[in-house]
Amino acid sequence: MKRMKKNASTSENSAKTSLKKSLAPVKNFVYGVVIGAAMLIPGVSGGTTAIILGIYDQLVAAVASFFKDIKKNFLFLIVIALGGVAGFVLFSNLMLKLISLWEVPMMFLFIGATSGSFPLLVRKSREGFKLSSALFLLLGFALVFGISYLPKSLFHFDAHSVAGFFTLFALGIPLAVALVLPGISFSYMMLVFAIYNPFLRAISGFDVLFLLPLGLGLIAGVLLSTKLLEKAMQRFPGPTYFAIIGFVLGSILEILRELPHTPAGWEIPACILTLAVGAAGVWLYSRNAE
């Protein structure tokens, strides 16, 4: 009797594991959609969104150790990438409409969601807050704070010229760093480089001459930066994750700077509600994911 129950339990667990594996690509695609949609918003980081979803470490490891298991890592990354592209295409207009209608409450929703990731990041550091941690936190904050003061439209070029091709490739490398590092907004960096609106138009019109060099630069930048980041997270988790917390704090300040005005009237309770919903939702999700 006991053996029958044990066999039944083993069979049930095996079925659950099999179902989980079969649904993993669908879940990863949805994660990619969420990350892609989030990156459309200046001030919101794709890396931070990946941390909230619980797949940041897996993404970094898949890129950094790509050639150790090419098939597995390629399938994982391509599903996330396709989801990200779908997020860009499907939500670019919707996100712009939501922000135009309820810009301030939406921004506070993003601030709440970003803030909700702090407990997870502290746990990932494998150590509590120490005096030495403050230094790395401040360094991360200073980096994002400094980037946020770069003048927008810093670069001007013809995207369809030969010089524009190489310029877009070169710009793809620092944009890739913004993709990899949590807290640094990919969209804001595109605003700084004066390619945010052209990028959205290029996606809508599938402008290969614009997207190809930028995509090649992004790939090169991701490959260069993820290996270093993976080693840092493995060897020095405390300093690395507290630097990431600094990045995230800086991104919250960046979102606040993007607010068109201080909340007033009906926006005050709406902002309190969206802030609380964002923070609580992400905190609960991260606890369950762990």
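## The loop between α3 and α4

Lys68 sits in the loop that runs between α3 (56-64) and α4 (70-101). The model is a predicted one. With a relative accessibility of 72%, Lys68 counts as exposed, because the cut-off for that class is over 50%. On the surface, Lys68 belongs to a patch of positive charge, where it gathers with Lys227, Lys231 and Arg235.

Phe67 is placed in the loop between α3 and α4 as well. Its relative accessibility is 68%, so Phe67 counts as exposed. Phe67 is one of the residues that make a nonpolar surface patch, whereas Lys68 is part of the positive one.

## Overall fold

The protein has 13 helices and zero strands. Read along the sequence, the pattern is therefore α-α-α-α-α-α-α-α-α-α-α-α-α, where helices are DSSP runs numbered from the N terminus. Of the 290 residues in the protein, 45% are buried.

## The nonpolar surface patch

The nonpolar patch covers about 1,000 Å² of surface. Besides Phe67, its members are Leu23, Val26, Phe29, Val30, Val34, Ile70, Phe74, Leu75, Ile78 and Leu82. Two helices, α1 (2-38) and α4, each supply at least two residues of this patch.

Phe74, a member of the patch, lies in helix α4. Phe74 has a relative accessible area of 44% and is thus partly exposed; the class lies between the 20% limit for buried and the 50% limit for exposed. Along the sequence Phe74 and Val63 are eleven residues apart, and their C-alpha atoms are 8.7 Å apart in space.

## Helix α5

Helix α5 spans residues 103-115, which gives it 13 residues. From the first C-alpha to the last it reaches 18 Å, close to the 18 Å expected at 1.5 Å a residue.

This helix is mostly covered, with ten of its 13 residues buried. The buried residues are Val104, Pro105, Met106, Met107, Phe108, Phe110, Ile111, Gly112, Ala113 and Thr114. An α-helix has 3.6 residues a turn, so residues three or four places apart point the same way. In α5, the buried set includes Val104 and Phe108, and also Met107 and Ile111.

Helix α7 covers residues 131-148, and Leu139 lies in it. Leu139 has 51% relative accessibility and so counts as exposed, the cut-off being over 50%. Leu139 and Ala243 are separated by 104 residues in sequence, while their C-alpha atoms are 6.5 Å apart in space.

Gly140 is also placed in helix α7. At 2% relative accessibility Gly140 counts as buried, since buried means under 20%. From Gly140 to Gly250 the separation is 110 residues in sequence and 7.7 Å in space, C-alpha to C-alpha.

Gly146 is another residue of helix α7. Its relative accessibility of 37% makes Gly146 partly exposed.

Notes:
Residues are numbered from 1 along each chain as its sequence is written. This is a predicted model: local features need pLDDT of at least 70, side-chain atom pairs count only at pLDDT 80 or more; totals for chains, interfaces and linings use all residues. Side-chain values use heavy atoms; hydrogens and water are left out. Patches are made of residues with over 30% relative accessible area and no salt bridge: like charges are joined within 9 Å, nonpolar side chains (Val, Leu, Ile, Met, Phe, Trp, Tyr) within 5 Å. Accessible areas come from the Shrake-Rupley method with a 1.4 Å probe; for residues, only the protein chains shown count as cover. A salt bridge is a side-chain nitrogen of Lys or Arg within 4 Å of a carboxyl oxygen of Asp or Glu. Lys and Arg count as positive and Asp and Glu as negative; His and the chain ends are not counted. The place of a charge is taken as NZ of Lys, CZ of Arg, CG of Asp or CD of Glu. Helices (H or I, at least four residues) and strands (E, at least two) are DSSP runs, numbered from the N terminus. Buried means under 20% relative accessible area, exposed over 50%, partly exposed in between (1.4 Å probe, protein chains only). The expected span of a helix is 1.5 Å times one less than its number of residues.
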